[in-house]
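Okay, hi everyone, let's get the structure up on the screen.

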2 protein chains.
Amino acid sequence: MSSPRRTIAALLALSLATPSLGQSASDNVDPFIGTGGEGHTFPGAVAPFGMVQLSPDTDTSHVIRDSYKWAAGYRYTDPTIQGFSHTHFSGAGHSDLGDFLVMPAVGEAVALEPGDPAKPGSGYRSRFDHKDEVAKPGYYAVTLSDPGVRAEMTAGTRIGVHRYAFPAGKAAHLVIDLRSSLYNYPGKILWSSLRLAPDGTLSGARETRGWAPGRKLYFAMRFSAPLRDHAFVSTEKDVPYKGFQGPGRGSEALAEKSGRGLVARLDFGALTAPLEVKVAISSVDEAGAVANLDSEPGDFDAVCAKTRAAWDKALGMLAIDAPAPMKTSVATALYHTLLAPSVAGDADGRYRGPDDQVHQAKDFTFRSTFSLWDTFRAEHPLLTLVQPEKTNSDIVRSLLASRRYSPDGILPVWQFQGRETWTMIGYHAVPVIADAYLKGVGGFDAREALEAMVASASYAPYGGLGDYMKLGYVAIDREPEAASKTVEYAYDDWTIARMARAMGRKDIADTFDKRAANWRNSFDAKTGFVRARKSDGAFRVPFDPTAINYGSDYTEGNAWQYSWFVPQDQAGLVQAMGGDKASVAKLDAMFDYDNSKLDYSHAEDIAGLIGQYIHGNEPSHHVAYLYNYAGAPWRTQARLTQIVASQYKPTPDGLSGNDDLGQMSAWLVFTALGFYPVTPGSLEYVIGRPFVNRAALALPGGKTFTIIAEGLDDAHPYVGSVSLNGRPLARGFIRHGEIMAGGELRFVMQAGPNKAWATAPDNRPFSSSTVRQ
Amino acid sequence: MSSPRRTIAALLALSLATPSLGQSASDNVDPFIGTGGEGHTFPGAVAPFGMVQLSPDTDTSHVIRDSYKWAAGYRYTDPTIQGFSHTHFSGAGHSDLGDFLVMPAVGEAVALEPGDPAKPGSGYRSRFDHKDEVAKPGYYAVTLSDPGVRAEMTAGTRIGVHRYAFPAGKAAHLVIDLRSSLYNYPGKILWSSLRLAPDGTLSGARETRGWAPGRKLYFAMRFSAPLRDHAFVSTEKDVPYKGFQGPGRGSEALAEKSGRGLVARLDFGALTAPLEVKVAISSVDEAGAVANLDSEPGDFDAVCAKTRAAWDKALGMLAIDAPAPMKTSVATALYHTLLAPSVAGDADGRYRGPDDQVHQAKDFTFRSTFSLWDTFRAEHPLLTLVQPEKTNSDIVRSLLASRRYSPDGILPVWQFQGRETWTMIGYHAVPVIADAYLKGVGGFDAREALEAMVASASYAPYGGLGDYMKLGYVAIDREPEAASKTVEYAYDDWTIARMARAMGRKDIADTFDKRAANWRNSFDAKTGFVRARKSDGAFRVPFDPTAINYGSDYTEGNAWQYSWFVPQDQAGLVQAMGGDKASVAKLDAMFDYDNSKLDYSHAEDIAGLIGQYIHGNEPSHHVAYLYNYAGAPWRTQARLTQIVASQYKPTPDGLSGNDDLGQMSAWLVFTALGFYPVTPGSLEYVIGRPFVNRAALALPGGKTFTIIAEGLDDAHPYVGSVSLNGRPLARGFIRHGEIMAGGELRFVMQAGPNKAWATAPDNRPFSSSTVRQ
């Protein structure tokens, strides 16, 4: 199914004005971007879409809401590192993971508690200095100054490898702390265990009640030096009944231990060579972890080189040329889009499904970490461009496999490691599948897919769908966030209709095309806002379009953001808003809103504000492109200039909001190229303005799609004209097929706006309320 | 490997003086025996060695030590039944289980809490009357008077079937309470889940921190009537973080729920026929439970009939004739010996091992519930007589499989559902395997077995074995219960030597024969007691031979009981005690000890006292037979008369101590037949006195071994003479081979003792300190 592609490296050397000779694609990436501020990314080592994301955790002591800042384990401003754990989310809007923390220790007395960051030496954590830190795709290194240990990390698909250089002549130890976890709280560890096999393999398990309650994860760990001694210590207190505590005294010396508070001390004696620790994880069982460990042979350097090559290949699919800061921003953004949906199944194909049971994947790799409410927008559309068909096919097959084993019979909502978290709203696996299908991604059963999509859109107990199907909208008196749900369901429904029609299923297409118009049931023409209605039909009052509250009429947003969410009929929305002029005015009012008196500090993920435009969260992401629908593409271009300048910097605090498993980054990658998928499922991209001088996308069959921005610089931020393969392009959008055919999209940039280009109704994206077929 | 046997039913009709015509073997069994007092048996439905033991629980509200009386869920004196759960131990000396409690409910308002037994109607529990109760092998029935429901239970090997006759016209419900557990305490439920499949199968899982911490169990349940509605309710309170609670409101209607406090309400509407509920369990996973469910087809009546036939066959292997009370006692005892080691692996051969991982059994059925400290004595020797070779072979193979996957590399100590509990002392899987091997049980790899036995006897971290191997005894200053451990290890060692010698492994045999003499290192000639020694060699003082305390010098006993534990050299012990006369005097002193001033109420399992002889616990079990070794077999006969009369009654409180998974009962079966395996591994049985008029043991190859007690009645309790196959038997023991050859053992009973029979040194069991080869 997948077509081999040539990496763009060779092409680049020939075709780009300023080829990056001597550098590989990985060198443009700065994994520290987003590790400060609100980005919630991590700097550690990971392979493309790797199951293991091995990264330093600077502080896991905070509980519940306080821990949100440490969602990815690492905060750039922290002075100490607590250890290195094997699982992290890249910019998730909630958190969990941080599994199986490893920390080196030196000398005779080994602390088994992390200690206080403010009191160096009070525990096993260590100070560190950013000047000693290195982070590249697939590689992370730091010097732990307290034990004096140089620590390096690399990762394969299902493995992580640690390398610790201990000070000479001193006893070397590792602390494995199974109590440590991200987004921690008392009682999170349901159970854990440690086991030492006769061959020296350490394995274990942990079951947690976190974001995905009842989540099971297993590990297996091997060491390059023989283990001299060990202690498995249970630190749990106040347990009414612990059972019998093992045979005789000194049970810490046994080969096993289980409990809710476990920490291991491993003793290696004085070492003459760095200690390598190779770790695999599995959601299936310990045998799966051991098999995963065996499936990727090689030592630290071998694994690191292999992963580096994989990154060079993956990043090389989209070569860009731009001034250094923008090049770093975009390359890092592309890197961040290639971390999820990550591999979640074992090397032997087994995986844990949403029913918490183990299943066997046949001919595909099971993937999970589906942040679908975020990623259906631009992350998945980007993957259909920059990743082989196999990746996208596996994503769809994983969604379908998850639905097959869903107790509720529906597609994933927000899933990781195969486990449903019920986070956010909508059934946005639906547009992901429809978009992939309509773009020709194969390798899955389209009939099963359509059936799964219809089932997911018809499950009455889910999020007010009973009312939605009956009334045409979700009723706010019976279901929270009804306004957001209504408009998002309607868009998802439209993608079902699109796919059904392409499959010749007119019955389904007609039904869901009708449902796609349900956004109108939530649109209040009087106020010009999408609003929540009660079951008696009345809009809920009082109404404050600036209010943001949990469980309110909207989901992580308010009427300002949500009133623009009609991807399936943005042209219809422009009409409903009162036409071009009124729509442009309203868009301007949104961006120019004086927010100095607003306080959204109570609401998670409300960051990156430009008036009422909130770039740090997803509902706003397509809004800047909507001027195009109202005949004012130059206004889109101006807003994009404003957003990119204020929301993305190549620094640790350079992301204005959670990266959301690549969605924030995918927005930048698309926007930098000059177009954006406002409506996944439409096969069209709305043209904005480019931010890179040149880009080349490697396509199947050895083809290339090149984007050139002639004359681009800060003084020339507007699109003067556009040509496709040498012919002028009068319309404000390009088609997916035009990209996939290969060729050249050339922008001629200019200092001021071209107010004529792409303004005619026929040249606008979605110029009628029915999408072009 | 297994040889077909004819059941004894046909033989009986021909050969017994008073054949039990018209009755099947099952009819002699009274499962209520032991359900009161200290027996800890249960009256519910179970197939021979069944994985499911489906039985009523009368009260699971007691916590920790208070719950010991409810160790098997049911107490005969309780006025209410809380529900029916699927797993129970038969007379265990500790407790756990009670998994997946089901209770019928009627009407509109369904209580989801069990309520107060003192307040009828305060919850879902119900009053009941013993006159409405029926218990037979494989069948249990009761009328639940509060809802007015007739409840019947039956069980197959891996399934249980409930049948509930609801009152006409009223709404029928079931409550499934995953919070209910035996030996409960706060925090015991680590996690649980419920899932409803589209085909109506309810499945679920529970992980508990009980006797075996981290124990996972799964179930699948199907109903004979369609499920109309359901609610999955989480009652857990004060959880800092619960994750997202499912899509929208009313998540109780979803098809799944997980948490630490789950209860389900299932609604069937008004029913016109009894509701059948078929349940399977699995230690592996839910798919395993579903497959187990499918592996035993048939409705309630079909399963009940099949299990009844299985019981008739199993019980029919040993036909007995005796007055009704003794017949009931012995038949019920035999029934109780056929419940464990129970089937623990799935129908497809998968099982969960002591490493908590899933493994595949090849060509054998994985069994667990090994109460080895109890059952190595008489339970396993009995199974080698009354069960097919396959049963005994499977037991050995299960022990070896468990050792193969033991993190510590040793054989099970006290294991259930594949999980080690580290309860009691010794490595008594060793004598079980040795005894089976020496008796010719095949089907396992003897070399692997011997290696496992040696490894288990050589694991230094276990119970002071490091000191034992160095010093020749366990040192009490470094390990509790050192006196008991020393003498039990020494016996276990002797059985290794026996098996090694039979296999031609002289090296191992010599080593362990030497270790077998280690009992002498703990024997204090001065006091005539086995005592605990310190690492400096001195016996610990102060010394009180009547003291019983946890963690003291002895295990659930004192010097009086433990000083007789030298099964491998009882003749040597008699000599060490000062010869025949001194030994008889000391035995008499033990039985005749004035215990009126002793208070052992602080110690668990100290029940059934006759002086310092404690029949309710195992260390005493062989002691009455020891007069034979001192030339006074008639004293053994008198003591047996005394013990049987005082310790066994065919009533609910008829067992003086925990049945201990068949050991208490196996003692009675052997003793009733007239002989007892004082020394498993010796291939000899010490002759006592019979308590049945006639017995017939069906043997492989269609042979029969018949025991006849001529003239037996209460007035004739002594053995006058013994003949084997018509020839006088002068010795006080018989050989295993003599039984297995088939034939007739005939006792002639008389009013007074025959003080001459079997007293000559050569006619005594173990007449030298080296066992006969």
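Before the counting starts, one term: two residues are in contact here if their C-beta atoms, placed from the backbone, lie within 7 Å. And keep in mind that this is a predicted model.

So, how many residues of chain A are in contact with chain B? It's 51 residues of chain A, and they touch 50 residues of chain B. On the chain A side, β12 (189-196), β14 (213-223), β16 (256-259) and α2 (286-295) each give at least two residues. The largest share comes from β12(A), with 5 residues. If you sort that side of chain A by class, you get 25 nonpolar, 15 polar and 11 charged residues.

Now, how do the two copies relate? Turn chain A by 180°, shift it 0.1 Å along the axis, and it can be laid on chain B with an RMSD of 0.1 Å. That's the relation of a two-fold axis. Which C-alpha of chain A is nearest the axis? That of L190(A), 2.9 Å from it. And the same surface serves both copies: 98% of chain A's contact residues recur in chain B.

Last stop, the sheet. Quick reminder: strands of a sheet pair through backbone hydrogen bonds, either parallel or antiparallel. Here in chain A, 3 strands make an open sheet, ordered β24-β25-β26, with antiparallel pairing. The edges are β24 (370-371) and β26 (419-420) of chain A, each pairing on one side only. β24(A) pairs with β25 (residues 414-416) of chain A over 2 bridges, and S371(A) stands opposite W414(A) in β25(A).

That's me done, thanks!

How values were computed. Residues numbered from 1 in each chain as written. Chains lettered and ligands numbered in written order. Predicted model: local features only at pLDDT ≥ 70, side-chain atom pairs only at ≥ 80, totals over all residues. Helix = DSSP H or I, 4+ residues; strand = E, 2+ residues; numbered from the N terminus. Nonpolar A, V, L, I, M, F, W, Y, C, P; charged D, E, K, R; others polar. Pairing = 2+ DSSP bridges. Least-squares fit on C-alpha atoms with pLDDT ≥ 70 in both.
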